[in-house]
Amino acid sequence: MRLRAVELMERAYAPYSRFRVGVAGLVDDGRVVAGCNVENAAYGVTLCAECGMVSELHATGGGLLTAVFCVGGDGRALMPCGRCRQLLWENGGPGCLLMTPEGVLPMSAVLPQAFGPENLRHAEG
């Protein structure tokens, strides 16, 4: 997965920050999905690499992410931002494994006490 993440990082569109990011994820059916960051002059509409990966996940059949590897421009593991951690939780759940700069951790450790679909079901009554 790291090699696929590096490949996508090299395709990132980051003319403003020059901070390229690539990510690859293993799906519960064996597929590998990937994405890269795509910047925009209006920074608020920049797409994180994880957004592209999750888009590919759903566009190619859905499923559940079981493991994810995100890299920065140096090819080393990069911790996803808070928004992207939420995306990973939603599409991988607490058991999804994430390669972090400190090693492999489950999402339950990366995003403890996460807000997810079960919170919305509980609100419906």
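The legends below describe several views of one predicted model. Residues are numbered from 1 along each chain as its sequence is written, and side-chain values use heavy atoms, with hydrogens and water left out. Because the model is predicted, local features need pLDDT of at least 70 and side-chain atom pairs count only at pLDDT 80 or more, whereas totals for chains, interfaces and linings use all residues.

View 1. Helices (DSSP runs of H or I, at least four residues) and strands (DSSP runs of E, at least two) are numbered from the N terminus, and along the sequence they follow the pattern α-β-β-α-β-α-β-β-α-α. The radius of gyration, taken over C-alpha atoms, is 14 Å, close to the 14 Å that the globule rule gives for 125 residues, so the chain is as compact as a globular protein of that length; the rule is 2.2 Å times the number of residues to the power 0.38. Along the principal axes, the C-alpha atoms fill a box of roughly 45 × 30 × 30 Å. Buried residues make up 39% of the 125 residues, where buried means under 20% relative accessible area, exposed over 50%, and partly exposed in between (1.4 Å probe, protein chains only). Among contacts (heavy atoms within 4.5 Å) with a separation of 6 or more, 55% join residues 24 or more positions apart.

**View 2. Helix α1 and the strands against which its buried residues pack.** In α1, which spans residues 2-9, the buried residues are Ala5, Val6, Leu8 and Met9. They cover an arc of only 165 degrees around the axis, which puts them on the same side of α1; the arc is that of the directions from the helix axis to the C-beta atoms. An α-helix has 3.6 residues a turn, so residues three or four places apart point the same way. The buried residues of α1 pack against β1, β2 and β3.

**View 3. Helix α2 and what covers its buried residues.** The buried residues of α2 (residues 49-59) are Ala49, Glu50, Cys51, Met53, Val54 and Leu57, and their cover includes β1 (22-27), β2 (32-36), β3 (65-71) and α3 (82-92). Gly61, which follows α2, has a positive phi, near 125 degrees.

**View 4. Cys36 in strand β2.** Cys36 counts as buried at 17% relative accessibility.

**View 5. Leu65 in strand β3.** Leu65 is buried, with a relative accessible area of 1%. The C-alpha atoms of Leu65 and Asp28 are separated by 6.1 Å, while the residues themselves are 37 apart along the chain. Not counting residues up to four places away in sequence, Leu65 touches, among others, Gly25, Leu26 and Val27, together with Met53, Leu57 and Leu88.

**View 6. Two loop residues, Arg18 and Gln113.** Arg18 lies in the loop between α1 and β1, where its phi is near 60 degrees, a positive value in a residue other than glycine; with a relative accessible area of 65%, Arg18 is exposed. Gln113 is found in the loop between α4 (107-110) and α5 (117-124), and has a positive phi of about 55 degrees although it is not a glycine. At 84% relative accessibility, Gln113 counts as exposed.
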